[in-house]
Amino acid sequence: MVNVAGRSRGCATCRKRRVKCDESLPECLRCLNMGLKCPGARTDAFFVHAVPDAPLRDSPAALTVVKLKHEPSPQIGAINLHLSQLPGIQPSPTGAFDQLFVSHFIDCFFGSVRPALPIPGGTSRIWLHELPDFLASSSPSPVQSSIRAASMLSYGTAVGDASIKTEACRWYMRALQSLRLLMGSSSPETSVCAAVMLTHFETLAGTSPRAWIKHIKGAASLLEAQGPERCQRGFLHQIFSHLRLQTFVASMAENELHPFASPEWTTIPFEIHPKLIFDKLVDILFAVQRCLSVASRLITSTADKAHQLQHKLDILIQDARLQMRQWQLEGLLYASAGGKQEHREMPASIDEAHLDASSDPHHFMLSYNDVPSAALVTLYDTANIIVLRLLFLVSTTAASYSSRIQHHVQSILSAHAMANAASSSVPGRSSIMMVQQLKTVALWSPSSDQRAVAVEILQGQTAQNRGFADISAPSHEYFADVAAHIPANYSVD
């Protein structure tokens, strides 16, 4: 402690004589009147070294007062030697371990490489970079426990340390309890971040069935309550951009059309910061989801409503296909630029007649050379598979796309093989990135052989990763009723 109350600041002469000193500088009046040599009152600081767990009055070693003089003193060396013999207060290692776990979580989030398709006009700071600040905050909140839980589990899984993973589960339980208690009093930023980090914990841990969906829906609801305008800047914009894909996956697992697919949520949050190439891809996925929602109603509709729904579906399909073609051309431009983030003007629109200008299925394909770029490209493949299959509900020429669909399916299967072979700092993370694509193949591929391969892979995923076990298993998800309706009612050869 500094400047401990009760310690005299009088000069050494007065203290030795045990008389009151007026503490005048440079010499006290009492010493001047007595004709004594006066060193002056103390102007330096007192540092009290307290020995942990030692009673305050036990011994002189229990409380050592150190005087730091402004001028050199021969006693300093002896004092320092005395202090070195005392047990010091050791700093808690918690902060250092927090930094280790969070740094590992951030570094391994996208793997050892970045997507080959660059992000034009983007910022290098993303929501992950805010995690250390949230963790270091002096105000306790659920986000701190959530970050510890997810980052510790990620690290413990990577190094195979059961004790770290066990401690991560304890932090997870604390996070759940504090999130329930403090949801109303926490800031939206910390609450949303906590829910997202709990989602990442569950994708690895799988503590309960569909728990990851509950966390995603909770985070999305918090953002919905803030409104799209609040998601235009800062951390809420960053976390919204990240959460959109997770929200799409969760809503597909429940055969629902999510509010984030609405025009206001696909436009307003990006009025200040333009969409990145990843954001545009998620827009395509939500466009596909809008098609699926109408198709689901169409296959169960009465004859008088079928025509209206069919017309609406046709419009939505063409809109989705235009977005996909635009995204593919943009991807090709960035690839041809050698991965440089340079701005290039894209066509304002694409004539619908040009969508099928090439009969070569390869004309619509995109290549990849690493796991992150493969994850992006195969999401594009996923959108193509579903939309081209939905053409059977509105077009008499749908069967002509069978070969192209199978090329998109093969792209996904090849990407999975690459991800499975790639080394990862977190076992199974590369496989997690491919689950929704494989799910689409298992349900929507026109080839029974390709569907069987995807089902076999997903069954292996279920055994490997508990977090996504429910979505990995073949089921009624991903609008499976629509997928099954097409081969049962139309000639798909």
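Are F240 and F260 buried or exposed? F240 is buried, and F260 is buried too, where buried means under 20% relative accessible area, exposed means over 50%, and partly exposed falls in between (1.4 Å probe, protein chains only).

## Getting started

This is a predicted model, in which local features need pLDDT of at least 70 and side-chain atom pairs count only at pLDDT 80 or more, while totals for chains, interfaces and linings use all residues. Residues are numbered from 1 along each chain as its sequence is written, and side-chain values use heavy atoms, with hydrogens and water left out.

The predictor's confidence in each residue is its pLDDT, on a scale from 0 to 100. The mean pLDDT of the protein is 78, and 71% of its residues reach 70 or more. Residues 44-93 have pLDDT below 50, and this stretch has 60 contacts in the model beyond near neighbours in sequence. Residues 112-124 also have pLDDT below 50, with 30 contacts beyond near neighbours in sequence. A contact here means heavy atoms within 4.5 Å.

## The overall picture

The secondary structure comes to 20 helices and 2 strands. These are DSSP runs numbered from the N terminus: helices are H or I with at least four residues, and strands are E with at least two. Of the 493 residues of the protein, 47% count as buried.

Among contacts with a separation of 6 or more, 70% are between residues 24 or more positions apart. The protein exposes about 24,100 Å², and carbon and sulfur atoms supply 56% of that area. Accessible areas come from the Shrake-Rupley method with a 1.4 Å probe, and for residues only the protein chains shown count as cover.

## Rings that meet

Two rings of Phe, Tyr or Trp (its six-membered ring) pair if their centres lie within 6.5 Å; planes under 30 degrees apart count as stacked, over 60 as edge-to-face and the rest as tilted. By this rule there are 11 aromatic pairs. One of them is the stacked pair of Y172 and F201, with 4.2 Å centre to centre and 10° between the planes. This pair links distant parts of the chain, with Y172 in helix α7 (residues 162-182) and F201 in helix α8 (residues 188-205), 29 residues apart. Y172 is buried, with a relative accessible area of 5%, and F201 is buried at 0%.

The two residues from the opening question, F240 and F260, form an edge-to-face pair, 5.1 Å centre to centre with 85° between the planes. F240 is in helix α10 (residues 234-253) and F260 in the loop between α10 and α11 (263-267), 20 residues apart. Ring pairs also join F240 and F260 with W265 and F270 in a cluster.

## Charges over a ring

Which residue has its charged end over the ring of W171, 4.3 Å from its centre? That residue is R174. R148 also lies over the face of W171, at 4.7 Å from the ring centre. A charge sits over a ring if NZ of Lys or CZ of Arg is within 6 Å of the ring centre and within 35 degrees of the ring normal.

## Salt bridges

A salt bridge is a side-chain nitrogen of Lys or Arg within 4 Å of a carboxyl oxygen of Asp or Glu. The whole structure has 10 of them. In one, E189 and R230 bring their closest N and O atoms to 3.8 Å apart. E189 lies in helix α8 and R230 in the loop between α9 (211-226) and α10, so the pair ties together parts 41 residues apart in sequence. E189 is partly exposed at 23% relative accessibility, and R230 is partly exposed at 39%.

R244 forms a salt bridge with D283, with the closest N and O atoms 2.8 Å apart. Since R244 lies in helix α10 and D283 in helix α12 (residues 277-298), the pair ties together parts 39 residues apart in sequence. K275 forms a salt bridge with D283 as well, at 2.3 Å between the closest N and O atoms. K275 is partly exposed at 22% relative accessibility, whereas D283 is buried at 9%. Salt bridges that share partners also join R210, K217, E254, K439 and E477 into one network.

## A covered helix and a loop

Helix α17 (residues 435-444) is mostly covered, with 10 of its 10 residues buried. Among them are K439 and W444.

Y478 is found in the loop between α19 (469-472) and α20 (480-489), and F479 lies in the loop between α19 and α20 too. Phi is near 60° for Y478, a positive value in a residue other than glycine. For F479, phi is near 50°, again positive in a residue other than glycine. Y478 is buried at 1% relative accessibility, and F479 is buried at 3%.
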